[in-house]
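The structure comes next, followed by the findings.

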Amino acid sequence: MLSGRGDVRRAAPVRRRARARSAGVVFAGLLLSALWMLGGVPAGAQSAGAELSLDSGALLAGGDAAGSGPSGEAADAPGYPWSWPVVGPRRVVAPFRAPAHDYGPGHRGMDIAAEVGGEVRAPVDGVVAFRGTVVDRPLLTLDHGGGYVTTWEPLDSALMPGDIVTAGTVIGAVTQGGHSVRGSLHVGVRIDGDYANPRPLFGDVPRAVLLPCCEPVAQ
């Protein structure tokens, strides 16, 4: 049986730690920019005009800023690590962008590459909580227990509220509609009602690395 909302007392400090890590990442980015302007970046990186390359979700609310992998909070999710929901490479088309406040702009989920008509499979066990069309996009919502709820759109599904799904069960097919570009699937995750970055829940977040972006300047 699924546990529904889960332990709210445990979830509150988890969210505070995630927000603190996100703030730390922003500060680190600003510090790196300042060092660059002042000439304080290591010579090897400065001469090559290095840029930071990382997985789309690695440093956004749930990834480890050092690139060491998913956070401990992600590992606490039911059925972690979750299986990738579509066939093909794990490619994030549009990453999660946390809003500054509840009604602020942002991207409350991630869009992944997925062919129109392609099957979508449940990444973890759950129960269908909602199926319908909101504005112009058909979507499906699954309750996975422990306070974890996912939303999939645009998704054409024959499931009904109350249907039980297991990890790997086909929950529908990618269609068109909503803000997602054609050939992508929006994956949204809420934990006790708060939107969270879905990417770390799927595990396998690679390390952030510095890559050269241009030719060295001749001395």
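## Terms and model

Buried means under 20% relative accessible area, exposed means over 50%, and partly exposed lies in between (1.4 Å probe, protein chains only). The model is predicted: local features need pLDDT of at least 70, side-chain atom pairs count only at pLDDT 80 or more, and totals for chains, interfaces and linings use all residues. Residues are numbered from 1 along each chain as its sequence is written, and side-chain values use heavy atoms, with hydrogens and water left out.

## Salt bridges

The structure has two salt bridges. The term requires a side-chain nitrogen of Lys or Arg within 4 Å of a carboxyl oxygen of Asp or Glu.

R137 pairs with E153, with the closest N and O atoms 2.6 Å apart. R137 sits in strand β6 (residues 137–145) and E153 in strand β7, so this bridge ties together parts that are 16 residues apart in sequence. Strands (E, at least two residues) are DSSP runs, numbered from the N terminus. R137 is partly exposed at 24% relative accessible area. E153 is buried at 7%.

E119 pairs with R121. Their closest N and O atoms are 3.1 Å apart. E119 is partly exposed at 46%, and R121 is partly exposed at 37%.

## T151 in strand β7

T151 belongs to strand β7 (residues 148–153). Is T151 buried or exposed? With 14% relative accessibility, T151 is buried.

Which residues does T151 touch, not counting residues up to four places away in sequence? They are L139, L140, T141, H186, V187, G188 and R190. Contact here means heavy atoms within 4.5 Å.

How values were computed:
Helices (H or I, at least four residues) and strands (E, at least two) are DSSP runs, numbered from the N terminus.
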